[in-house]
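Thanks for making time this morning. Please have a look at the model on the screen before I start going through it.

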Amino acid sequence: DGIFSYDQSDLLAEQTSFEVRLSSDFDGPWNGTVGYYSLDYQNEADYYVFSNSLDYNSAVLPTLLFGNPAAGVVLDGLALGAPYFHSDTDLFELESSGLFGEAYWTPTEDFTLTLGLRSTTDEKFLRDRTPPLLALGPVPVGANAAPTMDAFLQGTYRELDVKFDNEITGRLVADWKPQLDFTDDTLLYASYSRGYKSGGFNPPVDPAVISGVPLSFEPEQIDAFEIGTKNTIGPIQANIAAFYYDYQGLQVGKIQARTSINENVDAEIWGLEGEFLWAPTENLLLNLTASYLSTEVTEFSSEDPRDPTA
């Protein structure tokens, strides 16, 4: 008895993961860890958008537009296809595996150098579909038309697969604990790390109605640098850090064509962070934190579907 609309998401997923590690604990300056990781994941998913007002119009408008009730002409058995949206993922599969290792060199009790490397392989398979958004016009309904219309409304499946092979990531970290007269305990550190997140596919849209939606998006990578110090001075703890992140292909989302799609941008972030703790008594703790952040999207353009001419 009123206008009612809602979105519905259904998901059925299964995953299995396995990891094995071997770590050393030698007395000398060298130690290390090696390991292997695998992941098998698959899901079925549906996303629907319904509105009873749209369905009502699809049933009534054909007679008003294409019939002539005043002349006694009623187009019985005709309707407009309900303009609902359905993103149907019949199967999504991900197979991910990684070989990794780290080496630790501690020439003295005060200094440690860490070197880590990882090789990751991701394989993705997708079978999905979305029905076309029906154009304004009468379509047959009823028992005789059902098989034809059902096939049309379901659309056809697309099948996509991609492989990201042997993506190399890692990190290099130096930790130094100098003996200083004005602190009880001090750690100085510097690190560089390389991160990676695989790319993938955007949801399906009807190309006859919507254009310009990219089929896929690329992997995301980051180079992260950080230097900092952690100090204990009597009842005071003072931690200070500076960092710089350089993103290549940062994955960001936007709403377009009635669904959410991913795009890649390049971005840079740098900042400073400080954390200070003071415990003047056993029953009182004061905490002060402060940060400064600077962010920039460096090279990127994206069409606004509501304002395509900008």
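This is a predicted model: local features need pLDDT of at least 70, side-chain atom pairs count only at pLDDT 80 or more; totals for chains, interfaces and linings use all residues.

Residues are numbered from 1 along each chain as its sequence is written, and side-chain values use heavy atoms, with hydrogens and water left out.

Let me begin with the pocket. On a 1 Å grid over the protein atoms alone, a pocket is an open set of points where a 1.4 Å probe fits, with protein on both sides within 12 Å along at least five of seven lines, and its lining residues have an atom within 4 Å of a point. The largest pocket has a volume of about 530 Å³, the volume being the space filled by probe spheres set on the points, with grid points joined across faces, edges and corners. Its lining is made of 22 residues, and those nearest the centre of the pocket are Asn43, Thr89, Leu126, Phe201 and Pro203. Two or more lining residues come from each of β1 (5-23), β2 (30-51), β4 (85-108), β5 (111-129), β9 (200-201) and β13 (259-281); strands here are DSSP runs of E, at least two residues long, numbered from the N terminus. By residue type, the lining of the largest pocket divides into ten nonpolar, nine polar and three charged, where Ala, Val, Leu, Ile, Met, Phe, Trp, Tyr, Cys and Pro count as nonpolar, Asp, Glu, Lys and Arg as charged, and the others, Gly among them, as polar.

Now to the charged pairs. A search of the whole structure finds nine salt bridges, each defined as a side-chain nitrogen of Lys or Arg within 4 Å of a carboxyl oxygen of Asp or Glu. One of them joins Asp128 to Arg158, with the closest N and O atoms 2.6 Å apart, and this pair links distant parts of the chain, Asp128 being in strand β5 and Arg158 in strand β7, 30 residues apart. Asp128 is buried at a relative accessible area of 2%; the cut-offs are under 20% for buried, over 50% for exposed and in between for partly exposed, computed with a 1.4 Å probe on protein chains only.

The closest N and O atoms of Arg194 and Asp223 are 2.9 Å apart; Arg194 is partly exposed at 25% relative accessibility, whereas Asp223 is buried at 13%.

Glu220 and Lys197 also meet in a salt bridge, at 3.8 Å from N to O, with Glu220 in strand β11 and Lys197 in strand β8, 23 residues apart. Here Glu220 is buried, with a relative accessible area of 11%, and Lys197 is partly exposed, at 42%. Elsewhere, Asp90, Arg127 and Glu159 are linked in a network of salt bridges.

Next, the rings. Six aromatic pairs are found in the whole structure, a pair being two rings of Phe, Tyr or Trp (its six-membered ring) whose centres lie within 6.5 Å, with planes under 30 degrees apart counted as stacked, over 60 as edge-to-face and the rest as tilted. Tyr41 and Phe92 form an edge-to-face pair, 6.3 Å centre to centre with 65° between the planes, and since Tyr41 lies in strand β2 and Phe92 in strand β4, the pair ties together parts that are 51 residues apart in sequence. Tyr41 is partly exposed at 21%, while Phe92 is buried at 18%.

Finally, the two residues. Ser191, in strand β8, is in contact (heavy atoms within 4.5 Å) with Leu172, Val173, Ala224, Phe225 and Glu226, leaving aside its neighbours within four places in sequence. Asn166, found in strand β7 (residues 158-176), has a phi near 55°, a positive value in a residue other than glycine. Most residues other than glycine have a negative phi. Asn166 is partly exposed, with a relative accessible area of 45%.

How values were computed. Helices (H or I, at least four residues) and strands (E, at least two) are DSSP runs, numbered from the N terminus.
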